[in-house]
Amino acid sequence: MIRCLFLFSLLILSTSAQKTSSQTWQTLNGDEPVVIARGGFSGLFPESSQFAHQIALSTSLSNVILYCNLQLTKDSVGICQTDIRLDNSTNIAAVFPKSQKTYTINGENVQGWFALDYTSDQLFNNVTLTQSIYSRPSLFDGTLPLSTVDDAIGIKPPGFWLNVQYDAFYAANKLSVSSYIQKTTRFMGISYISSPEIGFLKNMNKIINKAKTKLIFRFLDADAVEPTTKQPYSSILKDLSSIKSIASGILVPKEYIWPLSKDQYLLTPTSVVADAHKQGLEVYASGFANDMPGSYNYSYDPTAEYLQFVDNSDFSVDGVLTDFPPTASEAIACLAHNKNATRPSKGKILVISHNGASGVYPGSTDLAYQQAVDDGADIIDCSVQMSKDGVAFCLNSADLLGSSNAMTSFMSRSTMVSEIQPKSGIFSFDLTWSEIQTLTPQLTSPLPNSGLARNPANKNQGKFITLSDFLDFAKAKAVSGILIDIENAAYLASKKGLSIIDAVTAALSNATFDKQATQQVMIQSDDTSVLSKFKNVPAYKRVLSIKEIIGNVPKQTVEEIKKFADAVNLPRSSIVTTNGGFTTTFTTVIDELHAANISAYVSVLRNEYVAIAFDFFSDPVVELATYVGRLGIDGVVTDYPKTADAYLRSPCSDLNAKVAYSILPAEAGALLGLAEPEVLPPAEAPGPPLTVDDVVDPPLPQVSSSNGSTADPAAGPVKAPPRSSGRANATNMGLHLLGILLISLLSAGY
């Protein structure tokens, strides 16, 4: 508990600086857009819980506004819950199983459990909160009570926003929201009151002090009908001057501003913001959440969506209503107005592409590499494969099935190669280069069960390129460096008569990469015998790829690695361990490598929220901040170089910089530390140590002739040796990066 309190205090000190920028914004008054936390940090904790409120305040901009959806109990106590049906966000159905009712609300019959049927004592003494969105952590379900409006205002947020969604419904059931607010505002400050009901706002104009409280008209779906005027909200939008007479601003779904096509791509923005600003109305946009992806244009980077609304060349909304207030805060404070910033050269962290920008275009295609360069990658990579006729080209895997339409044309070539993978495939070394050139690349998701497809418009775009073409491209674009990944060298030599080592060596030499020092050349392999073949070129940096999950690297193993490699590429789970979707520990692997002056890279980082720990707030930028700022990684291998580059260019990437807002790294195990012991997942054994035997590979076999014999008859038959980095009992937990982060801070207020 003391540790949690200390972290909580540290976070508050780090984030409670004054407002961030002296930049001029295109908001109505030129001020920085505000962050409005819907139910506190409801993206992580049950909405409007004590934890959600406190963490929202401690991890967001210093002027963050807490947002409460008002519901009234039978005895006219105000509680904060979005849905008028409490069974969607509490355990009330289990507590009062026979109390379900049906009410007519705005012309529709709604069935459930409603606050107005219970006294405040009944609710507070029996009912607890649950997470209403199933993709979010349920760790805190059943442990936190409902919050009253008094509770939320009592923690003294910088601003408080009360949304009144159902005034007419409560009035019909003899409960007065107006009287409740009038009584509340006598003693406590409410900064904003919003409602989708015009009649309610007209009444509020007679009650509230407009110098202290802003009235905001909330637009619902365009086709929904406003209860007072009986007009659809789309019609009211055309007459904003009428809104100006009753309110100082509008709250609209984000699609009102940036509409989407049916295929989820951005259309031309509307004039809503400009029209409202002309009327003197502030504009607030709602519907932001890291785990509810918007347009494919954002490449699953939630900060990109915020920037679309606050940092485009034409307008800025005056605030954003979000379930993830830290992400909105970092977008506004750290990433906005930063397009032309350059990355610091001191202590430079490398952004290394993973098959180019493979989150945007099919991996290892010309378009993926061009996108990686455009997106700020320092190092672009080519995983080298060999065709049947000896052409070296770039592709993530020797199996063509996952990255092309090979099954449609070459199904008869499908074979099982146990030395490469445990399932059958159509392999590049069984097709000629001319046959491979007939294939159509495919953009597929590495998270097939997530339902999160990657940019469908680019699904079959681009073409595969040879290693020579890749090297020519890298030279022409003057990228900082290249990474050449070599796998399956032993199998190709002994079974297919193909020397991938010779092919790579010749291509690099022909492109004069072995005779220059301007662009860094990295040779990566999971086979130390492959790395040994490049020892005689001092300009090349050798990278050992360790694919299995490890827990530590003993000194003897580190010394063995130094004989072969200058850097090590590690999976995320060898650096940050997870259990049941939550981070548990940071391993010592990076420190052990750094102690021997060996660089450490982490792979593969992805923007999709299902691939990001709860600790990291479903936010790829917080994950980057943890690997860079907390763990000291030397390079990140990513499908989305743009996100990494944007973070590293921001002033907030330097934790020692004097900035008004800090993107603080996660602390492993923090969320689990807040949970009740009985709900914790069973402890898992730590990853095994990396041994010398795991590192050292047998010498590569000689290249066989086309009839299957070796080039040297005296050498006898050669069996492809097993790779050291293929430990049989290791399982890749890299995609289990669900977790928990700065949240130990929460216990401070618990």
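1. **A helical-turn pair in α24.** Arg649 and Asp645 are four residues apart in helix α24, so about one helical turn separates them. Helices here are DSSP runs of H or I with at least four residues, strands are runs of E with at least two, and both are numbered from the N terminus. An α-helix has 3.6 residues a turn, so residues three or four places apart point the same way. The two side chains form a salt bridge, with the closest N and O atoms 2.9 Å apart. A salt bridge means a side-chain nitrogen of Lys or Arg within 4 Å of a carboxyl oxygen of Asp or Glu. Asp645 is buried, because its relative accessible area is 11%. The cut-offs are under 20% for buried, over 50% for exposed and partly exposed in between, with a 1.4 Å probe and protein chains only.

2. **Basis of the model.** This is a predicted model, in which local features need pLDDT of at least 70 and side-chain atom pairs count only at pLDDT 80 or more, while totals for chains, interfaces and linings use all residues. Residues are numbered from 1 along each chain as its sequence is written, and side-chain values use heavy atoms, with hydrogens and water left out.

3. **Other salt bridges.** The count comes to 25 salt bridges. One of them joins Lys101 and Asp117 at 3.5 Å, N to O. Lys101 sits in strand β4 (residues 101-105), and Asp117 in the loop between β5 (108-112) and α4 (120-126), 16 residues away. Lys101 is partly exposed at 40% relative accessible area. Asp117 is buried at 15%.

4. Asp639 and Arg454 meet in a salt bridge of 2.9 Å, N to O. Asp639 lies in the loop between β24 (635-638) and α24, and Arg454 in the loop between α16 (433-436) and α17 (467-477), so the pair ties together parts 185 residues apart in sequence. Both Asp639 and Arg454 are buried. Elsewhere, a salt-bridge network links Arg38, Glu47, Arg136, Asp291 and Asp323.

5. **α23 against α24.** The axes of α23 (residues 620-630) and α24 (residues 641-649) come within 10 Å and cross at roughly 65°. Axes are lines fitted to C-alpha atoms, for helices over the stretch in contact, with angles from 0 to 180 degrees between N-to-C directions. The crossing is right-handed, that is, the near helix is turned clockwise from the far one by less than a right angle. From α23, the contact uses Pro620, Val621, Leu624, Ala625 and Val628; from α24, Thr643, Ala644, Tyr647 and Leu648. Contact means heavy atoms within 4.5 Å. These residues divide into eight nonpolar, one polar and no charged.

6. **A covered helix.** α13 (residues 325-335) has eleven of its eleven residues buried. Among them are Pro325, Glu330 and Leu335. Its cover includes β1 (34-38), α2 (50-59), α12 (302-310), β11 (319-322), α23 and α24. His337 follows α13, with a positive phi near 60°.

7. **Nonpolar cores.** A nonpolar core is a set of buried Ala, Val, Leu, Ile, Met, Phe, Trp, Tyr and Cys residues joined through side-chain atoms within 4.5 Å. The largest has 197 residues, and those with the most contacts inside it are Ile257, Phe470, Ile482 and Ile484. Leaving aside neighbours within four places in sequence, Ile484 touches residues including Cys382, Leu467, Phe470, Met522 and Gln524. Another core, of eleven residues, lies apart and includes Leu395, Phe410, Leu431 and Phe464.

8. **Backbone points to check.** Most residues other than glycine have a negative phi, and most peptide bonds are trans. The bond from Ser603 to Val604 is cis, with omega near -5°. Val604 is in strand β23. Gln264 has a positive phi near 70°. Gln264 lies in the loop between β9 (249-253) and α11 (272-278) and is partly exposed at 33%. Ser299 has a positive phi of about 50°. Ser299 is in the loop between β10 (282-288) and α12, and is partly exposed at 22%.

9. **Two loop residues.** Val610 is in the loop between β23 (599-605) and α23. Val610 counts as partly exposed, because its relative accessibility is 23%. Gln437 is in the loop between α16 and α17. Gln437 counts as exposed at 52%.

Terms used. Ala, Val, Leu, Ile, Met, Phe, Trp, Tyr, Cys and Pro count as nonpolar, Asp, Glu, Lys and Arg as charged, and the others, Gly among them, as polar.
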